[in-house]
Amino acid sequence: MATDTRRCVRVSLLVASAILMSACAAPARDSVPCTILQQSSTCVAVPLHDDIHEDEAKALAPAPEGWGYLYVTRPYSQQRSIKSRIFVDDVLHAELGPKTFARIKLRPGTHTIKLTVDGSEAVSIPVEMTKEAFLEYQIVEHLFSVEPTIKPVSRGRARESIRPLDLVVTNTD
């Protein structure tokens, strides 16, 4: 009788362990497995474009006549479990995860670009849109806080930084 009880306890422990391990191995619905700097982890999930759109964006193809492209990169892995939201003139256009970028089609003129993350101040910058503009967004981690920054970058810097990044879906697609 004692042997059956011990066997039942062992089987129960094995089943419980298997359930816990599978729960830990499966990412949450809003996260995806990712490898950043050779470290396996989970990153926040954001909608990504297909390869054809990504290849065109990475080639910095010109925008259609009467439009320009705004490129916003988040090339670093800090705060990998947090989405950044991109607003253009107070309208949500895309969400960035770490190691992603957005290409947003805009009409020429001055636009206010604002990026937000939960638990931190929003950052914004005016952009004079002509044919193209490039911004780099970073979340700098300090000991007890994070500091988001956004800055314009050159076409060359943008081309270099988007090469390893994934293109996110925007609401202007």
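**A walk along the salt bridges**

A: Let's start with Glu54, which is buried at a relative accessible area of 10% (buried means under 20% relative accessible area, exposed over 50%, and partly exposed in between, using a 1.4 Å probe and protein chains only). Its side chain meets that of Lys58 in a salt bridge, 3.1 Å from N to O; the term stands for a side-chain nitrogen of Lys or Arg within 4 Å of a carboxyl oxygen of Asp or Glu. Both residues sit in helix H2 (residues 51-58), four residues apart, which means about one helical turn separates them. Helices (H or I, at least four residues) and strands (E, at least two) are DSSP runs, numbered from the N terminus.

This is a predicted model, where local features need pLDDT of at least 70 and side-chain atom pairs count only at pLDDT 80 or more, while totals for chains, interfaces and linings use all residues. Residues are numbered from 1 along each chain as its sequence is written, and side-chain values use heavy atoms, leaving out hydrogens and water.

Next, Asp118 and Arg85 form a salt bridge at 3.0 Å, N to O. Asp118 lies in the loop between strands E7 (109-116) and E8 (123-129) and Arg85 in strand E4 (residues 84-88), so the pair ties together parts 33 residues apart in sequence. Asp118 is exposed, at 56% relative accessible area.

Arg155 pairs with Glu132 in another salt bridge, with the closest N and O atoms 2.7 Å apart. Here helix H3 (residues 155-162), holding Arg155, is linked to strand E9 (residues 132-141), holding Glu132, and the two residues are 23 apart. Both are partly exposed: Arg155 at 33% and Glu132 at 28%.

Finally, salt bridges link Glu136, Lys151, Arg157 and Glu160 in a network. The count comes to nine salt bridges.
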